[in-house]
Amino acid sequence: MKYFFVISVAVVLLSFFALTGVSLFTLKTPEISPAVVAGKKVWQKYGCAGCHSLLGMGAYLASDLTYITRKHDHEWIYRFFARRPVMPPSKKKRHPGLSRPETADIFAFFTFVAGLDTQQWPPKPMLSEGERKRLEQSGRIKRPEIMPEIKGGR
Ligand code: HEC
C-alpha cells in the first residue's frame, strides 16, 4: 500500500511517454519543400484564411481547401486565379488573383496539406437549409431520403 502512489504514477507516466512515442513515430508527414514554404507565404500574404479554411481552421465565408487538389488540377487552379471570377454572393467583387509562379507555390502547399494524415479531418460540412435548397434546384445534389419510414405519415 505504501508504494501504491509511486507505482500508479510510474505506470501513468510510462504509458504517457510510450503512447506519445507511438504517435510521433507513426506520423506520416510529407516533405516540406521550398515550394511548400513559399506557398504557405502566398497563403498568408493574400489573407486567404480571411475567407477560406484549411484543416477546418480559418474563416467560413468560402469553402475549406484542405482537399482542393483532389478536386482540381494545377491548370484549373491557375486558370481560376487568372480569370478571377466574381465571388458569390457579390455581383461585382472579384476573387483575388495569383501569378503563375505564385499558383505553382500555392499548389505545392495545397498538395502538402492534402497529404497530411489527418484521419480525413475536416469532415464534409453540413449544408445549411438555404444552400441545400439552392444546390437541389440547380440539380447538383439530389434530395436525400430523410427518414423514409415517416413519409406521408403526417
Ligand atoms: C474575400 C474572400 C476570399 C478570399 C480572400 C479568397 N477567396 Fe478563394 N474563394 C472565395 C469564394 C467566395 C469562392 C467561391 C465559393 C467557394 O468555393 O467557397 C472561392 C473559391 C476559391 C477556390 C475554388 C474552390 C472550389 O472548390 O472550386 C480556390 C482554389 C480558392 N478560392 C483559393 C483561394 C486562395 C489560394 C486564396 C488566397 C490567395 C483565396 N482563395 C482568397 C472567397 C475568397
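Ground rule for elements: I take helices (H or I, at least four residues) and strands (E, at least two) as DSSP runs, numbered from the N terminus. I get the expected span of a helix as 1.5 Å times one less than its number of residues.

This is a predicted model, so I keep local features only at pLDDT of at least 70 and side-chain atom pairs only at 80 or more, while totals for chains, interfaces and linings use all residues. Residues are numbered from 1 along each chain as its sequence is written.

**Helix α5.** I checked its length: 15 residues, and 21 Å from first C-alpha to last, close to the 21 Å expected at 1.5 Å a residue. Next I looked up its buried residues (20 or more other C-beta atoms within 10 Å of their own, C-beta atoms being placed from the backbone): T103, D105, I106, F107, A108, F109, F110, F112 and V113. These pack against α2, β1 (53–54), α3 and α4.

**Core.** I count a nonpolar core as buried Ala, Val, Leu, Ile, Met, Phe, Trp, Tyr and Cys joined through C-beta atoms within 7 Å. The largest one has 14 residues, and I106, F107, A108, F109, F110, F112 and V113 touch the most other members. α2 (34–45) and α5 (100–114) each supply at least two residues; α5 gives the largest share, seven. Beyond four places in sequence, I find I106 in contact (C-beta atoms within 7 Å) with G39, V42, W43 and L98.

I get 20 residues around the ligand (C-beta within 6 Å), the closest being Y46, C48, C51, A62 and S63. α3 (68–71) and α4 (74–83) are the elements giving two or more.

Notes
Buried ≥ 20, exposed ≤ 12 C-beta atoms within 10 Å, placed from the backbone. Contact = placed C-beta atoms within 7 Å.
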